[in-house]
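Work through the exercises below with the sequence and coordinates open. Each task is followed by a worked solution.

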Amino acid sequence: MHYFITGTAGFIGFHLARRLLADGHQVTGFDGMTPYYNVKLKQMRHAALAQYPAFTPVIAMLEDRATVEDAMAAAKPDVVIHLAAQAGVRYSLENPQSYLTSNVTGSYNIIELAERHKVKHLMLPSTSSIYGANPTVPFRETDRADEPLTIYAATKKSMELMAHAHAHLYKTPTTAFRFFTVYGPWGRPDMALFKFVDLMLNDQPIEIYGEGQMSRDFTYIDDLVEAIIRISHVIPDESNRVADDKIETLSRQAPFRLVNIGGGQPENLMDFVELVEKALGQPAIRKMLPMQKGDVPRTYAAPDLLQALTGYTPSTRLEEGVKAFVEWYLEARRELQE
Ligand SMILES: NC(=O)c1ccc[n+]([C@@H]2O[C@H](COP(=O)([O-])OP(=O)(O)OC[C@H]3O[C@@H](n4cnc5c(N)ncnc54)[C@H](O)[C@@H]3O)[C@@H](O)[C@H]2O)c1
């Protein structure tokens, strides 16, 4: 199979591409190497992928439609997995414009060109942030999720809506995922685990928002990749409609489905801090702060639809995943700072 994956220099795209290459597939990896965080880390990820002869990198921006078109025409992909995006909740308060160009205009280019190339399955990542401050838990894909609290979440919701309309009009089978706080080795420097470990190793205080009362449904990266690969084989159509209307999101108007990828095991932020302390073998200097603008108090995935479609639910224990991250970071740290 030939996979066209965007965001392969990013955290999730890198892991997914590496697994598919190791499984013997062809991967075209499209990434603009944006300077949102340390570009060295992105280059290191692409260098690791370049060890596989079946990997073809394309360094360009999603907004550059002609280049996306050329890359897709050259690849002739069976499946498109669009992971490139301006990610991050907090930065969307500082620079909302970059979310509009990458996540709305850029995503639309991918949606349209995937249809033009008649791919078997288009997959798009959305986010648990879409649920905003949803009062009922766990968050179900069938919940109303139209009160986003950030521009990041609003652009991801826009992507879901555009993809639905496009799938209705042109019948490209499309699955949109909602990811829940993905973490693990090669992770993102703007996310809590990376920041906490880095600050603690430098004996700096860590900032704990929401006075430690927030909780997150963490998903270990290998579990996420496994779920994406399983879902890639479940091309949305009536033959795989799940009987339970309370959980099924397969549209009646389009070959389009929304699926949470999360284990449904939220963890309190303070317990998470303790696991980081344990993995590093040192206490953190804790600076307790109120919730930040746009933060959601908790995330909690209902994993039932994912389980019904694939027989799989993420289950790696947070303690194991944090340990794996710390081991990777202690090795990669020097090269990252060069
Ligand atoms: N990591 C998480 O916890 C999480 C949670 C929910 C959703 N997501 C979504 O999953 C996807 C992957 O996230 P990630 O954690 O790997 O993020 P990441 O920032 O590590 O990777 C995104 C990649 O996209 C590239 N990119 C950004 N804008 C681009 C543009 N306009 N043109 C070309 N390339 C561009 C960046 O260079 C980067 O390498 C994103 O869509 C993100 O919104 C991630």
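**Exercises on a predicted model**

Over residues 4-231 the chain is 44% helix and 18% strand, with the end C-alpha atoms 16 Å apart. The model is a predicted one.

**Exercise 1.** State which annotation covers residues 4-231.

Solution. The UniProt record, an unreviewed entry, annotates residues 4-231 as "domain: NAD-dependent epimerase/dehydratase".

**Exercise 2.** Decide whether Leu309 is buried or exposed, and place Leu309 in the fold.

Solution. 
- Step 1: Leu309 belongs to helix α10 (residues 304-310).
- Step 2: a residue needs 20 or more other C-beta atoms within 10 Å to be buried. Leu309 has 22 C-beta neighbours inside 10 Å and therefore counts as buried.
- Step 3: apart from neighbours within four places in sequence, Leu309 contacts Ile231, Val234, Asn240, Val242 and Val259.
- Step 4: Asp203 is 106 residues from Leu309 along the chain, and their C-alpha atoms are 45 Å apart.

**Exercise 3.** Identify the residues that touch the most other members of the largest nonpolar core.

Solution. 
- Step 1: this core has 89 residues; Ala17, Ile81, Leu193 and Leu224 touch the most other members.
- Step 2: beyond four places in sequence, Leu224 is in contact with Ile12, Phe179, Val182, Thr219, Ile261 and Pro314.

Definitions and conventions: Residues numbered from 1 in each chain as written. Predicted model: local features only at pLDDT ≥ 70, side-chain atom pairs only at ≥ 80, totals over all residues. Core = buried A, V, L, I, M, F, W, Y, C linked by C-beta atoms within 7 Å. Buried ≥ 20, exposed ≤ 12 C-beta atoms within 10 Å, placed from the backbone. Contact = placed C-beta atoms within 7 Å. UniProt positions renumbered as here; feature names shortened; annotations may be inferred. Helix = DSSP H or I, 4+ residues; strand = E, 2+ residues; numbered from the N terminus.
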